[in-house]
Amino acid sequence: MESDRGVLDDECVRFCRYLTGHAADPYVSEWYARARTARPALFEPRAPFDGTLLAAARLRWLPLRCVDMVARFLAPGAAIRRRLVLVAAILENAPGTYETFESPDTDSPVGFILRMLPRGCASVGALGLGALVIGPLHLGRRALGV
Amino acid sequence: MASVTVVGSGASGVHFALTLLRKGHEVRMLDAGLAGEAPVEPDRGLSELKRGLPDPVEYFLGEDLYGLTLPGAEGEFYGFPPAKRFVFDAPPGLETRNDGFEPLFSYARGGLAGAWTAGVYPFHDDDLADFPFSFDELEPYYSEVAARIGVTGEDDDLTRFMPLHANLLEPLDLDPHARTLLERYRAKRDPINARQGCFVGRSRVATLPTDREGRRGCDYLGRCLWGCPIDALYTPAITLAECRRYPSFQYEPGVLAEAFEFDESRRIAAVRVRPTGGGPSEARPVENLALAAGTLSTARIFLESWLRGMGERIELDGLMDNRQVLVPFVSLSRIGKAYEPRSYQYHQLSLGLETGRVREYVHGQITTLTTAQAHPILQTIPLDLKSATYAFRNVRGALGLVNLNFHDQRRPECRVGLAPGGAEGASPSALVGGATGGDRAKSGPMEIRYEPAAGEPARIRDAVRRLKRVLRRLGCLVAPGTVHVRPMGASVHYAGTLPMSGTARSRTVSPECRSHDFENLYVVDGSSFPFLPAKNITFTLMANAVRVAEAAF
C-alpha cells in the first residue's frame, strides 16, 4: 500500500509540474491519493492501450506531453487523460494553484495569438511524435502480450 | 383534516399553498423534502473560498469527487456542484425506463427550482393560445408572484416576446463581458433585428438587486452556480419557509406519495404515502388533493392510482420538454482581459429569434461563464492539457454560452406509462386488489417515451446558423464542433400530460385545473399546460398555481 501511495505521489508531482510548472504541494497529493478511494474507476486501465500510455507518461516531461496529445484525439477517455483531468480539477480549486486557471498573462488578442503560436506548434509536434512512437510501442506490447 | 392536501413543495406547490393559507384554508403538504446543508461562509466570494476554506477541494468537488467532470460527459460545459446534489438525489425504488428521454427528478425541499437559473419569462397571448385564459387574465398572478419572489427586468427589445407585468425591480449590475455584448448589440441593433430576426435584452431573473423584506440583495459573490448563500436568488424553499410560519399549515417531509384512493363516485378519500427511507405505506385522509409533484412524479401518482383503483394500465400522452442547444462562444476583444469573479453568474442577457409563427420563437439565455469549473472546458479544447490550461486562463474572461430553447407541443407519441410490475402476467385486478387501499403488488417502473417533432433538426440548424451570424456581428466566435444539442429531458421543463381542457375529457383538467376524472383532485403543476413555449416555465407555473388557488377555493 505504501508503495502504491509512493507511485501516486510521484505521478501527482509529475502531472502538477507538467500542468503548472510547479511541484504538487501535500494538499494536492493528498487529494490525488484520496481520489483512488473515492473514484477507483479513475485508476483502472480500461484497455491495454491505457497501460502503454501510462507507462510512457511516467518516463519524462516530453513523453507525457506526447501521450496527453495523442490521447486527446485518439483516446479521450484513456486513464492518462482521466488522471490529468483529475489533477487539473484539484489544482483549480486548491489554494496555492487556483490562480493558474484564472489570471491572463497577456492583455490583447494579438498578444494571445503570438504566445499561443509556439504552444500550438509544440502541441502539433507532440501529436506527431507521439503517434510515431506510441503507435509502434503499443503494437509491440500487444504482440508481446505485455 | 386539512381542507387541501398538497403533494410536493416545488414552485407550483408552495405558491398554491401560500395563496390558500392567506385565504384562511388549512393546508397539509406531503413532501419527500430532502434538504441540503447550510451554505458555508455566506459573505465570502468564490476566490475567497478557494483561499480561505480549510478544504476547498471538498467544497467544490465533493468528498467523493461528485463534481468532477471526466472525459466523455456528453458535451456539458459545467459540472453539477456538490452543494446542489441533494436537488437530484432520489430515494430508492423510483426507477424509470426511458426511450428518447433522459428525465431528471427532484425530491428536494423546494423541488427542481432549487437548482434553477432564476429565469422568469411570462407567456404572451400567442403562447397562451391553447390555454383557457389570456395574458390579461394571468397578468395579476404574474404580478403577485413577482411581488412575492422579486423579479428584475426592464422594458426593452425583449418585451415583444415577454409582456410586462407589475412589480418589476431594477435590473442587476451587468458584468463587463455582458455589458460589452449589450453595448455592441445596441450599436448594431437594426441589422441584427432586420436580417436575423434577433432581439437582445436584459434577462428577467428572480434575484433581488437590493435588500427586501428580510432577504438580502445580491452581493455579487459569484456563487450563483454553487447555491446563493444569502437567498438573493429565489428558490421555492424560501416560500416554503413562509408557509411554515402559518399555524394552519402542516408540513410532512420524509414521505413519498404513491397513489390516491377513491370511492365508486371517484371521490378521493386518502392518499397513500411511504417513508422515503423505506417501510410500509400509510393512508392520509384528504378532503381535496392537489398534485404539485412535478409533471413526471404527478403522472406516476395518477397512473398508479388509476391502476390500483380501476385495474386498468393507462398511459398519459402529450409529454413536452424544451429542446436545448448549447452554443459556446468567445468574445474576441475580451481575450486577455481578467474576468470579474465577483459578479452575477447566471444569464444577464437573453435573446429571442423570431420564426414564422410568433409562438414558435426561439429563446436564448446568454451566460458569461466565469466562475464555473475550468476542467470540464479544458478537456474539450483540442490541445494537450498544458496548452489548454494556458489558453483557457487567457480566454476565460471572454467565454460565453448561449442556451437556446425550442418550443414543444403535445403529441401522442410522447407518452408516460407504467410497466408491468413484480407480478408479471397477473391480471390487473389481481395486481390492484380493489380500490380501498392498503399495500398491494406494485406496478413496474415508469416508462417514458419521447420522439422529437418532425422538422426539429432543420429548426435547430436554422436557429444556430442565425445565432452564429448574430454573434459574429457582436464580435464573437463560435469554435467549430462545439455546439451541443442536449438530450430531451435535460431542460427539466416537463409539461402536458394532464392538460387543461374546456371540454370534460378523461385525463384532462378543467380551466381551474380540477380533474375531469376525480372531483376533488387538482393538478397544479406543469402537467396541466397544453403548450410549452421556448421560455422557462417556472414563472408561469407559479402564477398559474396562484390563479388556481384563487379561482377554485
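**Figure 1. Contact between helices α1(B) and α4(B) in a predicted model.** In this predicted model, His15(B), Leu18(B), Thr19(B) and Arg22(B) of α1(B) meet Glu144(B), Val145(B), Arg148(B) and Ile149(B) of α4(B), where contact means heavy atoms within 4.5 Å. These residues divide into three nonpolar, two polar and three charged; in this grouping Ala, Val, Leu, Ile, Met, Phe, Trp, Tyr, Cys and Pro count as nonpolar, Asp, Glu, Lys and Arg as charged, and the others, Gly among them, as polar. The axes of α1(B) and of helix α4 (residues 135–149) of chain B come within 12 Å and cross at roughly 95 degrees, and the two helices are therefore roughly perpendicular to each other. Axes are lines fitted to C-alpha atoms, for helices over the stretch in contact, and angles run from 0 to 180 degrees between N-to-C directions; angles under 35 degrees count as roughly parallel, over 145 as roughly antiparallel, 65 to 115 as roughly perpendicular and the rest as oblique. Helices (H or I, at least four residues) and strands (E, at least two) are DSSP runs, numbered from the N terminus.

Residues are numbered from 1 along each chain as its sequence is written, while chains are lettered from A and ligands numbered from 1 in the order in which they are written. Because the model is predicted, local features need pLDDT of at least 70 and side-chain atom pairs count only at pLDDT 80 or more, whereas totals for chains, interfaces and linings use all residues, and side-chain values use heavy atoms, with hydrogens and water left out.

**Figure 2. Packing of α1(B) with α13(B).** Helix α1 (residues 11–22) of chain B packs with helix α13 (residues 538–552) of chain B at an angle of about 30 degrees, and their axes are 8 Å apart, so α1(B) and α13(B) are roughly parallel to each other. The crossing of α1(B) past α13(B) is right-handed (a crossing is left-handed if the near helix is turned anticlockwise from the far one by less than a right angle, and right-handed if clockwise). On the side of α1(B), the contact includes His15(B), Phe16(B) and Leu20(B), and among their counterparts in α13(B) are Leu541(B), Met542(B) and Val546(B). The residues of this contact divide into nine nonpolar, four polar and one charged.

**Figure 3. Crossing of α4(A) and α5(A).** In chain A, the axes of α4(A) and α5(A) come within 9 Å and cross at roughly 105 degrees, and these helices are therefore roughly perpendicular to each other. Leu64(A), Val67(A), Asp68(A), Ala71(A) and Arg72(A) of α4(A) make the contact with Ile80(A), Arg81(A) and Leu84(A) of α5(A), and the residues involved divide into five nonpolar, no polar and three charged.

Figure 4. A salt bridge is a side-chain nitrogen of Lys or Arg within 4 Å of a carboxyl oxygen of Asp or Glu, and a search of the whole structure finds 42 of them over all chains. Another salt bridge joins Lys50(B) and Glu102(A) at 3.9 Å, N to O.

**Figure 5. A salt bridge between Arg323(B) and Glu456(B).** The side chains of Arg323(B) and Glu456(B) meet at 3.0 Å, N to O, and link distant parts of the chain, with Arg323(B) in strand β13 (residues 323–331) and Glu456(B) in helix α12 (residues 456–473), 133 residues apart. Arg323(B) counts as buried because its relative accessibility is 11%, and Glu456(B) counts as buried at 9%.

**Figure 6. Surroundings of His177(B).** His177(B) lies in helix α5 (residues 176–187) of chain B and counts as buried because its relative accessibility is 4%. Leaving aside neighbours within four places in sequence, His177(B) is in contact with residues including Phe329(B), Arg334(B), Thr368(B) and Leu399(B).

Technical notes
Buried means under 20% relative accessible area, exposed over 50%, partly exposed in between (1.4 Å probe, protein chains only).
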